[in-house]
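Welcome, and thank you for taking a guided walk through this protein.

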Amino acid sequence: MLALVLFLLLSLILVMLESARVSVMRAMVALNLNSSLEAVLSGYYKPLFDDYGIYGLYDTDMEAELESYLTAAASPLDALPELYSGQKESGYVYSYEIQSVELSNKTYLLDGGGAIVAAQMMEAGALDGMEMIAEELLDAIKLLENAEETTELLQEKMAVEQQLAYMDRELLVLMQTVDGAPVDSGGFVVDSKGDLVCGKRFAKRLVPGAVSKDTVLLEHAGIYAALRERYVDGKLLLTEMQALGERVGSEEEALERLKEKEVELRLLLLSCREATEQALGALEILISYQEQVKPMVSEWEQALSAGKTLLGDTQYEAYLEELETMKQYAGMTLDTSAYDFSAMQQTLRQNYSCLLQMEERYVSYEKAGRSEWRTRMEEMERIFREYSFASLRLDYSGIRGTTVQAESNGWENLCEFLLNGIDSYLFTGEEELSRRSIVDAELPSKSILGDAQELYRFPKLTKEDLKDTEFVQKYLEGEALDGISGFLCESAEQIGEKLLLLSYMNARFGNYTEQKSGALFYQQEYLIFGSMRDITNVRQTAYSILGVRLLMNLIYTFTNPTMTAQAAAYATEMVGGLGMPFLIAVCEYVILFVCGVQNALLETIELLQGKAVSFLVSVSSFQIRMEEIFSMGKAGLHARAAAYTGGTGFCLQYSHYLLLFMLPVSRERLTYRAMDLIQENIKLYYEPEFRLSECVHSFGAVVTVRFPTRYAGLAFFENDDWTGREITIREEAAVGY
């Protein structure tokens, strides 16, 4: 009995010893597996880390290497015989036999939508330092946001002025069809001798009484003098015809003279009626424009009141004066004497009816013969008494006396500058630009949607575009820069992470002004625009910088009282022959636009030369004088840029603009394009067949081991394969950078 008890106790002790041994073996296998995984992980691809701070395994037989590490840990006597010579395997209590090793959960650098590489880039970027440039970038974004508020005011004002400019053009039609005025948008129309070219068909040619300036309601002495011989006193004509009719039976010449007067009257009625029709058409358009512009003027008035602080007192007062003229055009003031189009329409309709009735009476008179001559003439005289020029007074007070050919050339020079495009002004020559390109079909970025993009491009213009302010409004909208200003809407965490990523890009990749060797020279430009060609990316960058500089310059030129006054003076001299304020305004905007374009061009060229340029445009930083815009060419711009020493105050350089343009680029796209450059540069300098897609970031393994029992064949643990003489254990683990 005692022997049985002792046997049971001994068996229990042996089972407990065996169970403890299995637990230790399990811990050892797990430890060896983790150590082996980390040993494999330590074989990262050195060029990838040394040059770009990114960990990744490449070009290794990971499974065989892992099994080698595990075998050495499992059977050190066999793996390292020189260290364990003379020792017996049986003396090593914790040795085991590896049955299988399988890799699992393998993750590559390109997995996860670029998040894996982006995380490593941000870690490296934190070491590169970004505090100063981050502050400058955020300041620039804030200034762009403020610029958008200013441009909203300018866009509303331009929209109103463009509508009023259309009215000015119709007023020209009205002047020509009502008064026969020898004018166009450039002033007087003259022939080769310098004589005024007056209209032959105009509504006021048939005058309801004795001809005088007061009768025809034309106060401009020059136009009246030129038209004086064309006016016909309608009452006098009818009186003469009636007198001739009375003498037809007694005088031979009376009938011939009467026929001449009849032809004169008929042609006169026809020409006046046609001119009146055209004038009524112009008035219909003018009244329609008036109705359209009234709510626009009201909205502009409210916006102007709200933006008083933004504009400043001087500019605000100037805009208030212009607002009063706008209201007059729109018929929103008590003083509508010059623009009472409804009253003009009523008068012309009445005159049109009179002319039509007189023509009808004339036709009926011809059919009836001479028998009812007196009755018909009396009816025509009665109808003509309703004919009037009341309210048909047009304002010619602003008309210019002469037109100088040289002034017209100035306008042509401005138009040619814009119509020929400004792309060629940015670089001194195409030969200076890199022609490098990448053509690899297995670039990492090929795995995401989207291709090369544009932030901004100066579009082609037509001559018709220069007659409107719409093309200027498009620039002020800054659509190409919406992504940059919209970046402020991101959370603080997202901004912080993006700035870390930009810090990495700034430190690791070169650009046009700070070139680094590689598959592409303009590497940061590639990150933004994604073209496979260096030359395309640097052009897009130059255009985009021009877009930012143009936006800032236009705000300055359009809101600076001194420049607007100068531009108005030039516009009046070039195309403001009639002094019509809103036709002049369109020309004024073109002049201000050209001035802003040329200064923006100059600043962009300076940035491309590596200079620091003031971000805000001010009196001290604006470099182009108004009188220079008519003659400044490419050579002059580049020469002045070369002599530029740098701005003062808040300045940005070319590289800063690149970081600014990276802000709206998605993190995924930015990361994948960075991986393109990394792959191509490693292929160029280290491994021609290198593929980033084959680099492993993390992986796991499953190992199955077997070892003999030593003390007992009973199992106290689940999930282990105990056969009585052998035990099988399965362990899993994973590691990553």
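A residue is called buried when its relative accessible area is under 20%, exposed when that value is over 50%, and partly exposed in between. With that in hand, let us begin with Asp-50. Please keep in mind throughout that the model you are looking at is predicted.

Asp-50 has a partner. Its side chain and the side chain of Lys-46 meet in a salt bridge, with 2.5 Å from N to O.

Side chains of opposite charge can pair when their charged atoms come close. How many salt bridges does a search of the whole structure find? The search finds 28 of them.

Some of these bridges reach across the sequence. Arg-169 and Asp-468 are joined through their side chains in a salt bridge of 3.8 Å, N to O. Arg-169 belongs to helix α6 (residues 131-179), while Asp-468 is in the loop between α15 and α16 (470-477), so this pair ties together parts that are 299 residues apart in sequence. Are the two partners buried or exposed, or something in between? Arg-169 has 27% relative accessibility and so counts as partly exposed, whereas Asp-468, at 17%, counts as buried.

The side chains of Lys-683 and Asp-440 meet in a salt bridge at 2.5 Å, N to O. Here Lys-683 is in helix α25 (residues 667-685) and Asp-440 is in the loop between α15 and α16, so that distant parts of the chain, 243 residues apart, are linked. Both Lys-683 and Asp-440 are buried.

Next, let us look at how helices pack. Two packed helices are described by the angle between their axes and the distance between the axes. For helix α9 (residues 234-247) and helix α10 (residues 252-306), the angle is about 150 degrees and the axes are 9 Å apart. That angle makes α9 roughly antiparallel to α10, and α9 passes α10 in a left-handed crossing. Further along, helix α20 (residues 534-559) packs against helix α22 (residues 581-608) at an angle of about 135 degrees, with 8 Å between their axes. That makes α20 oblique to α22, and the crossing of these two helices is right-handed.

Glu-386 lies in the loop between α14 and α15, and with a relative accessibility of 47% it counts as partly exposed. The C-alpha atom of Glu-386 is 9.0 Å from that of Pro-208, although the two residues are 178 residues apart along the chain. Pro-664 lies in the loop between α24 (654-662) and α25, and is partly exposed at 33% relative accessibility. Its C-alpha atom is separated by 9.9 Å from that of Leu-455, 209 residues away along the chain.

The backbone has a couple of details to look for as well. Most residues other than glycine have a negative phi, and most peptide bonds are trans. Ser-391 has a positive phi, near 70 degrees. This serine is in the loop between α14 (373-384) and α15 (405-419), and is partly exposed, with a relative accessible area of 31%. Asn-105 also has a positive phi, near 55 degrees. Asn-105 is placed in strand β1 (residues 97-108), and counts as exposed at 57% relative accessibility.

To finish, turn to the start of the chain. Which residues form a nonpolar patch on the surface there? They are Met-1, Leu-2, Leu-4, Val-5, Leu-6, Phe-7, Leu-8 and Leu-9, and together they have about 890 Å² of accessible area. One of them, Leu-8, is found in helix α1 (residues 2-41), and counts as exposed at 51% relative accessibility.

How values were computed:
Residues are numbered from 1 along each chain as its sequence is written. This is a predicted model: local features need pLDDT of at least 70, side-chain atom pairs count only at pLDDT 80 or more; totals for chains, interfaces and linings use all residues. Side-chain values use heavy atoms; hydrogens and water are left out. Patches are made of residues with over 30% relative accessible area and no salt bridge: like charges are joined within 9 Å, nonpolar side chains (Val, Leu, Ile, Met, Phe, Trp, Tyr) within 5 Å. Accessible areas come from the Shrake-Rupley method with a 1.4 Å probe; for residues, only the protein chains shown count as cover. A salt bridge is a side-chain nitrogen of Lys or Arg within 4 Å of a carboxyl oxygen of Asp or Glu. Helices (H or I, at least four residues) and strands (E, at least two) are DSSP runs, numbered from the N terminus. Buried means under 20% relative accessible area, exposed over 50%, partly exposed in between (1.4 Å probe, protein chains only). Axes are lines fitted to C-alpha atoms, for helices over the stretch in contact, and angles run from 0 to 180 degrees between N-to-C directions. Angles under 35 degrees count as roughly parallel, over 145 as roughly antiparallel, 65 to 115 as roughly perpendicular and the rest as oblique. A crossing is left-handed if the near helix is turned anticlockwise from the far one by less than a right angle, and right-handed if clockwise.
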